[in-house]
Amino acid sequence: MHLGRALRLPLSAVLVTAVALSLTGCDNGGAGGDRARYVTDADGISTVRKADRQAAGAMKGETLDGKRLDVAEFRGKVVVMNVWGSWCVPCRAEIPNFVKVAKEVKGKGVEFVGINTREASRTQAVAFEKDFHVDYPSLYDPTGKLVLTGFPKGTLNPQTLPSTIVLDRDGKIAARSLQGLSEERLRKMIDAVLADNADK
């Protein structure tokens, strides 16, 4: 390919390529590989001490149902962010656990937000949510732009599908899982951040 033509590739094409590479990799310690700032337990859940947490980037846009959402509006609450695709088998296996836990912890000041990415069509994603009775919003991110910009370099970032990130009440990245979650492990992630166990 001619170099000049390659440099004129649309941003969306670049983002899709970058996301395809990042979301198919294994856990390499997060962007920058800075393992000193967090620990990963036997369940594969990585947590960051409260003093070392970094703020998530801007996480806003259109949801699958056509509404506007800015995750910053949930500041003061713990936010569970699940990165998923309807074609992803582990995503389909874990989603009943998310639906159940989301309903049970909402009264504790916990909000759930999905990030639907690498999806061939919005129709498939909407059907997925309908089939599994998902009643919390999902940002529509077909090119992966939110995934790439919402989790700054050096933080616990999503690298596979599914990935789950938990933000603390200050909007900072507190915990991450790079695999499908059981109900028990999902609750463990949330409870740790609610109690701020990460800084003990």
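Analyst: Gladly! One definition to begin with: a pocket is an open set of grid points with protein on both sides within 12 Å along at least five of seven lines. Please keep in mind that this is a predicted model. With that in hand, the second largest pocket has a volume of about 160 Å³.

User: Which residues are the closest to the centre of that second largest pocket?

Analyst: Its lining counts 16 residues. By class these divide into 9 nonpolar, 2 polar and 5 charged. Closest to the centre are Gly57, Val71, Ala72, Arg75 and Leu167.

User: What is the volume of the largest pocket, and where does its lining come from?

Analyst: Strand S4 (68-70) and helix H4 (122-131) each give at least two residues to the lining of the largest pocket. That lining has 6 nonpolar, 2 polar and 5 charged residues. As for the space inside the largest pocket, the value is about 190 Å³.

User: Which residues sit closest to the centre of the largest pocket?

Analyst: The largest pocket is lined by 13 residues. Closest to its centre are Thr63, Asp65, Tyr136, Pro137 and Ser138.

User: How many cavities of 30 Å³ or more are there in the whole structure, and what is the volume of the largest cavity?

Analyst: Searching the whole structure turns up 1 cavity of 30 Å³ or more. For the largest cavity, the lining has 11 residues, with Val48, Asp52, Gly154, Thr155 and Leu156 the closest to the centre. By class, this lining holds 4 nonpolar, 3 polar and 4 charged residues. The volume of the largest cavity is about 70 Å³.

User: On to the core. Which residues of the largest nonpolar core touch the most other members?

Analyst: In soluble globular proteins, nonpolar side chains tend to be buried together. Here the largest nonpolar core has 49 residues, and helix H3 (residues 89-105) gives the largest share, 7 residues. The members that touch the most others are Val71 and Phe112.

User: Which cysteines form the disulfide, and are they buried or exposed?

Analyst: A disulfide is a covalent bond between the sulfur atoms of two cysteines. The structure holds 1 disulfide, and it joins Cys88 to Cys91 with an S to S distance of 2.5 Å. The link is right-handed, with 80 degrees about the S-S bond. Cys88 and Cys91 are both buried.

User: Where is the cis peptide bond?

Analyst: Most residues other than glycine have a negative phi, and most peptide bonds are trans. Pro162 is in the loop between helix H5 (145-149) and strand S8 (163-167). With omega near -5 degrees, the cis bond runs from Leu161 to Pro162.

User: What is the phi of His133, and is His133 buried or exposed?

Analyst: His133 lies in the loop between H4 and strand S7 (138-141). Although not a glycine, His133 has a positive phi of about 60 degrees. Exposed means over 50% relative accessible area, so His133, at 60%, counts as exposed.

User: And how exposed is Arg118?

Analyst: Arg118 sits in the loop between strand S6 (110-117) and H4, and has a positive phi of about 55 degrees although it is not a glycine. Buried would need under 20% relative accessible area and exposed over 50%. Because the relative accessible area of Arg118 is 29%, Arg118 is partly exposed.

User: Last one: which residues is Leu194 in contact with, leaving aside its neighbours within four places in sequence?

Analyst: Leu194 belongs to helix H6 (residues 183-194). Its C-alpha atom is separated by 8.7 Å from that of Gly109, 85 residues apart along the chain. With those neighbours left aside, Leu194 is in contact with Val78, Lys108, Val110 and Arg169.

How values were computed. Residues are numbered from 1 along each chain as its sequence is written. Side-chain values use heavy atoms; hydrogens and water are left out. A nonpolar core is a set of buried Ala, Val, Leu, Ile, Met, Phe, Trp, Tyr and Cys residues joined through side-chain atoms within 4.5 Å. Buried means under 20% relative accessible area, exposed over 50%, partly exposed in between (1.4 Å probe, protein chains only). Helices (H or I, at least four residues) and strands (E, at least two) are DSSP runs, numbered from the N terminus. A disulfide is a pair of cysteine sulfur atoms within 2.5 Å. On a 1 Å grid over the protein atoms alone, a cavity is a set of points where a 1.4 Å probe fits but cannot get out, and a pocket is an open set with protein on both sides within 12 Å along at least five of seven lines; lining residues have an atom within 4 Å of a point. Grid points are joined across faces, edges and corners, and a volume is the space filled by probe spheres set on the points. Ala, Val, Leu, Ile, Met, Phe, Trp, Tyr, Cys and Pro count as nonpolar, Asp, Glu, Lys and Arg as charged, and the others, Gly among them, as polar. Contact means heavy atoms within 4.5 Å.
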